[in-house]
Amino acid sequence: MGRVTERRKVIRIRDGVVSERPDTLVAEEPMEIRLNGKPLAITMRTPGDDFALAAGFLVSEGVLAGQQDLQNIVYCAGATAEGSNTYNVVDVKTAPGVVIPDITLERNVYTTSSCGLCGKASLDAVRTTTRWPVADTPPVRISPELLASLPDRLRAAQRVFDRTGGLHAAALFSEDGELLDVREDVGRHNAVDKLVGRALQNGQLPLSRAILLVSGRASFELAQKAVMAGIPVLAAVSAPSSLAVDLAAEAGLTLVGFLRGNSMNVYAGEDRIALRAAAAQG
């Protein structure tokens, strides 16, 4: 739709020299997600992959578990006074027989580009609603060297970031380090939802052999989204939150933070990391 970036005038000051020039900025617009015609959530996002974003959001909410649960997703028409479509309202229709959790239809949820879902459910709710417990999956074994190589590959794949410097990114890698998919958004939780939603649309859930890498920090919301999608490994270039570590330890998720250069911190699920080999090399 050509709405990922926008141009704005900026006053530039460099070494005391003042000039005026256009600047490319990442777009941010609200998107309302409706479930079977009923308003459910509003999120601030970068336009693009909207259907995947909605589908991924509903995976993290425990509504969708696979491609078979989704009937269709459409843009709702006419959101302006002139009746033109803003492409900022999507309606997700579930397949017949899909049971909708009570909480989803009884609340209006507001999410932001920075913090994820406000008033999120507790650790107990994640444990009881996940369809694919990551602790039960066959173990994935990853070397620290492979993990260390992933941030540069994520950065190289960020096309819009190169133009704006204002986007978060999330990527899925195979256990062998192959880049499977990458998405960008003004909110890192939206970028993850877009990845998970695309996987659902392609019939690829659960992502039980995948590594999820996110730019920035690892919040509780991101750990939750990984667990709900069956992803066994979550890595972040910055710090995790305490609640993210608690959830990872309880759910059996491997959580890596401060992944920079050859350094990293493993906060949970260290059994999936080849630590002995790394110690021998050190």
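Gly66 is buried, at a relative accessible area of 7%; buried means under 20%, exposed over 50% and partly exposed in between, with a 1.4 Å probe and protein chains only. This is a predicted model, in which local features need pLDDT of at least 70 and side-chain atom pairs count only at pLDDT 80 or more, while totals for chains, interfaces and linings use all residues. Residues are numbered from 1 along each chain as its sequence is written, and side-chain values use heavy atoms, with hydrogens and water left out.

Where is Gly66? Gly66 sits in the loop between α1 and β5 (70-75). Helices (H or I, at least four residues) and strands (E, at least two) are DSSP runs, numbered from the N terminus. The C-alpha atom of Gly66 is separated by 9.2 Å from that of Asn202, which is 136 residues apart from Gly66 along the chain.

Now α1 itself. Of the 11 residues in α1, 10 are buried, among them Asp50, Leu53, Phe57 and Ser60. Just after α1, Gly62 takes a positive phi of about 80°.

Next, the packing of α1. Helix α1 (residues 50-60) packs against helix α6 (residues 188-201) at an angle of about 90°, and their axes are 6 Å apart. Axes are lines fitted to C-alpha atoms, for helices over the stretch in contact, and angles run from 0 to 180 degrees between N-to-C directions. That makes α1 roughly perpendicular to α6, a term that covers 65 to 115 degrees; under 35 is roughly parallel, over 145 roughly antiparallel, and the rest oblique. Residues of α1 including Phe51, Leu53 and Phe57 meet residues of α6 including Val196, Arg198 and Leu200, where contact means heavy atoms within 4.5 Å. By class, this contact has 8 nonpolar, 5 polar and 3 charged residues. Ala, Val, Leu, Ile, Met, Phe, Trp, Tyr, Cys and Pro count as nonpolar, Asp, Glu, Lys and Arg as charged, and the others, Gly among them, as polar.

On to strand β11 (residues 210-214). How many of its 5 residues are buried? The count is 5 of 5. Ala210, Leu212 and Val214 lie on one side, Ile211 and Leu213 on the other, and both faces are covered.

Strand β11 pairs with β9 (residues 168-174) in the antiparallel sense over 5 bridges; pairing requires at least two DSSP bridges between the strands. Ile211 is the bridge partner of Phe173. With β12 (residues 233-236), β11 runs parallel, joined by 4 bridges, and Val214 stands opposite Ala236.
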